[in-house]
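Reader: Could you go through the aromatic rings with me, starting with a charge and a ring?

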Amino acid sequence: MGAQKNIQRASSKKNSTTLQYLFNLDSKSSNKNNGNSISSNKSTINQSSFEAENDELLSIISNCNAVFTFIDLSESPSQQDYKRIKLAELLSIVKAAKKPLDDRIMSPLVSMLAVNLFRPLPPPSNVSSTLADFPDDEDPMSSPIPSWPHLQIVYDILLRLVLNSDSKTLRSYIDYPFLLSLLYLFQSEDPRERDRLKNVYHRIYSKFTFYRSIMRKSMNDVFLHFIFETDRHAGIGELLEIWGSIINGFTVPLKEEHKLFLMRVLIPLHKPKGMQAYHRQLAYCVSQFVQKEPALGGIVVRGILRYWPITNCQKEVLLIGELEEMVESVDPEQYKKLAKPLCSQIVRCFNSWNSQVSERALYVWNNEHFVKMASQATEEVFPVIVEGIEKNLKWHWSKSVRQLTSSVKVMLEEMEPTLYSRCLRELELQDFLADQEQKKREQNWERIELAASQNQFIQQLNSIRVSH
């Protein structure tokens, strides 16, 4: 009996354990199913929320596709303000985006940017070819764009897109035709647009390493077209600023491609008559090359002398300053070769009847590097310099120029007193011989005139005899 009771207890305990186990399994299974349903619901909600955000963003982009000229009277000011608000909203979304934008957003977004930016530009305004009427701090090619309130935000969106997106992702949307269209916009006469373009184009160059060669070539084509064909382009200064940053990153020794750019593009850019508009940026680019390889200084100096202006006094003043800075970076081994052509041009400048050109050329003698260069070839240089100095002291109309010339004369006499005296004597001898030659020429003309008058008198007598 006792054994039977024990067996019954054990079997009842086993049954209760089995039922509890099954109950627990069933409850775990139901909980798991509930968890899966909750997580699937959450993912569905997240997906629907993401879709809603994308739809809202696409709607904003669609609203921004409308282009306003701001000069057409039929355009509604309220619609213009509405688009500006939508553009600002789109900019804030692009700025706040923590992950790359979806492909479904990128394509219409870049298309919207292209629709707003890439437009036909108005014909260039008539600007004085000499640019003499504009002060140095004023942009002569300044024509504000009426639609700038919209374009400003569009450029900000493009810049933020370039900064925040991966270059490989953007490559599908910002392609070569897109870059060419951006480059065309540098002809805009609004300096605000050119400044934004400069920032965007430079950022693209920095980030899109696979486009660098093509972008350099495209900019070179613009420069060459400007130099040899149109002689007019509003954005040369901004493009040279981009190039200044590019040149700064070149490694030494310079590649042959980069040296050719200096000789075929940068040096000929000294030729156009409107060079004053971009001379500061051009001089910086050229000086970067010479600082990296001082041996290029001789090529640069001879190139600038080749394009020296004849009647443009403002341009002469700028080039004198550039040459003075160039001498400081030139390899001293080239001083002797450059002294004669460089000093000859400086002498021609301080003999100029324009007092600004003359004074600027005389101030060059305060530069110790220039004086050192002249001292490397005194036998060749001094005769030219002494002749120019004596000519200034004798004939120049400006009192200040004559005073500066006297100071230079004193400095040169102290530097090479014997040579200066010898050059002065040779100059006096040349003047004496020239006077003698002039007197002979005058005497010859007098004899010719006398012979002609006598011949005419004889002809008159013969005609009188014939008539009798």
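Author: R171 lies over the face of F210, at 4.1 Å from the ring centre, where a charge counts as over a ring if NZ of Lys or CZ of Arg is within 6 Å of the ring centre and within 35 degrees of the ring normal. This is a predicted model, in which local features need pLDDT of at least 70, side-chain atom pairs count only at pLDDT 80 or more, and totals for chains, interfaces and linings use all residues. Residues are numbered from 1 along each chain as its sequence is written, and side-chain values use heavy atoms, with hydrogens and water left out.

Reader: How many aromatic pairs does the structure hold?

Author: It holds 11 aromatic pairs, a pair being rings of Phe, Tyr and Trp (its six-membered ring) with centres within 6.5 Å; planes under 30 degrees apart count as stacked, over 60 as edge-to-face and the rest as tilted. One of them joins F210 and Y211, edge-to-face, with 4.9 Å centre to centre and 75° between the planes.

Reader: And is Y211 buried or exposed?

Author: Y211 is buried, because its relative accessible area is 8%, and buried means under 20%, exposed over 50% and partly exposed in between (1.4 Å probe, protein chains only). F210, at 30%, is partly exposed.

Reader: Changing topic, what about F261 and F289?

Author: Their ring centres are 6.5 Å apart and their planes at 45°, so the pair is tilted. F261 is buried at 4% relative accessible area, and F289 is buried as well, at 0%.

Reader: Which cluster do ring pairs form with F261 and F289?

Author: Ring pairs link W243, F250, F261 and F289 into a cluster.
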